[in-house]
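Subject: Structure for you to look at

Hello,

Here is the structure I promised to pass on. Please open it and keep it in view as you read the notes below.

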Amino acid sequence: MESKIRLNQLINEDIITQFQRSFAAFTGLQINAYDMEGDPIVSSDESTPIKCKNEGLNLALKHKKAMIFNCAGSVYFTSPIIVEREVIACFIGIGAKDARKCQNAEQIQKSAKFLELLSSAISQMAHDNYRALKNSEQQKEVLKSQARFIMSVSTKIQEFLQNIFSSLDSISKNVKNEQNEEHLKCLSNASHSVFASIKDMIDYIKMSDEKIYLEEIKYQSSELKEQIFAQLLGYDARVILAPSVPEWLFGDPGRIGQMLVKIIKTILNEKSKAKILINLDSKKLAYALNLNITLNISKLENDEIEAFKNIFEEVNINFKNEKFDAVFLYLLFEQMFVSLDIKRNANSVTIMASIPQLQLSNN
């Protein structure tokens with residue numbers, strides 16, 4: 001093995017204790033589990049002389065099988081626990097206080113055989129857990145490698161799209177034909193959609209690796225309104241900024257806008273013809289930003305609403321089955337500590353979210 005692993009890192013100490021008790025109950029003899037440095041795996045009454053303990057460890061390491069040996073006038077048992085062909089621990093127990101008075105050799109042999117079976121069972125359990133642990137570690141390394149590759153490719157795609165945006169802006173200034181203008185608009189919208197998806201992918205990887213943080217910047221509330229509206233191009237959307245929202249806020253406008261748009265797109269799915277009304281207001285002067293999103297839609301079923309709610313309950317989310325947007329939205333909610341409520345009216349659905357704003361210290 002690449003590194004020394006203690007037995008109680010692979011098997012719960014309670015299980016080891018139970019094995020020791022089972023042996024004592026069956027044979028009337030006491031055994032203790034030791035690592036290969038001679039330290040007990042679980043706390044127990046130390047009754048084995050150091051000399052005999054060391055001899056038992058050496059025999060287990062050398063022969064890799066259960067053995068009976070005499071030491072200091074007593075009969076002892078030793079049996080190794082093996083993982084990946086390496087002895088990581090062993091059981092040692094005393095069989096008789098005085099070897100000369102030990103008449104029942106057959107019982108000693110049976111006890112040794114039973115200890116060997118116990119050791120074999122624990123070795124198999126430890127081996128299975130060790131492989132699972134190693135596979136988990138290897139899988140993490142594979143995922144990290146994949147993430148680095150995706151990040152590299154995504155960054156290059158972002159740079160390419162930025163160049164596309166610049167080119168489209170230059171071309172659009174010289175285009176007079178309405179049909180060409182429409183084509184350029186479609187191309188621009190598609191490019192911005194791809195760009196947003198790439199950003200989501202990078203953010204998702206960073207969030208998964210706990211390497212992403214909320215920005216702490218001062219921004220104008222009107223900029224947030226414009227940003228939200230720009231991301232909802234193609235939808236019948238209206239964004240209203242209430243007088244209660246101060247002119248300047250402090251926090252991460254990019255994340256807020258990103259989260260709000262994803263709420264809408266996730267719950268709408270294919271029902272994109274719905275009219276969207278977004279009211280932004282604030283209570284306690286920028287300590288919290290409240291979003292009231294009304295979707296004029298009658299086709300949304302109650303079970304769909306419940307499914308949407310469940311995305312934000314950690315116990316219900318399934319990262320393997322949920323769509324990418326739903327998982328990413330869940331991570332945004334978790335990161336921003338968003339509270340959410342959703343209600344169904346006659347012909348509309350209202351989503352209410354409250355987002356704490358970051359605050360300047362002593363300000």
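A word on terms first: helices here are DSSP runs of H or I with at least four residues, strands are runs of E with at least two, and both are numbered from the N terminus. Counted that way, the protein chain has 9 helices and 11 strands. Please bear in mind that this is a predicted model.

**The chain as a whole**

The protein chain has 363 residues, and 39% of them count as buried.

**The disulfide**

How many disulfides does the structure hold? The count is 1. The bond runs from cysteine 52 to cysteine 71, with 2.1 Å from S to S. It ties together distant parts of the chain, 19 residues apart. Cysteine 52 sits in helix 3 (residues 50–63), and cysteine 71 sits in strand 2 (residues 67–71). The torsion about the S-S bond of this pair is about -85°, so the disulfide is left-handed. Cysteine 52 and cysteine 71 are both buried.

Another cysteine to look up is cysteine 90. It counts as buried because its relative accessible area is 0%, and the cut-off for buried is under 20%.

**A nonpolar patch on the surface**

Six names to find here: Phe149, Ile150, Val153, Ile157, Val194 and Met201. They form a nonpolar patch on the surface. Together they have about 470 Å² of accessible area. Which helices each supply at least two residues of the patch? They are helix 4 (105–174) and helix 5 (178–208). Helix 4 gives the largest share, 4 residues.

**Arginine 6**

Last, go to the start of the chain. Arginine 6 lies in the segment before helix 1 (7–10). Is it buried or partly exposed? Arginine 6 is partly exposed, because its relative accessible area is 29%. Leaving aside residues up to four places away in sequence, arginine 6 touches Asp35, Asp39, Pro40 and Ile41. Take aspartate 35: it is 29 residues from arginine 6 in sequence. In space, the two are 6.8 Å apart, C-alpha to C-alpha.

Best wishes

Terms used. Residues numbered from 1 in each chain as written. Predicted model: local features only at pLDDT ≥ 70, side-chain atom pairs only at ≥ 80, totals over all residues. Heavy atoms only, no water. Buried < 20%, exposed > 50% of the residue type's maximum accessible area, 1.4 Å probe, protein only. Patch = residues over 30% accessible without salt bridge, like charges linked within 9 Å, V, L, I, M, F, W, Y side chains within 5 Å. Areas by Shrake-Rupley, 256 points an atom, 1.4 Å probe, with all protein chains shown as cover. Salt bridge = Lys/Arg side-chain N within 4 Å of Asp/Glu carboxyl O. Disulfide = S-S within 2.5 Å. Contact = heavy atoms within 4.5 Å.
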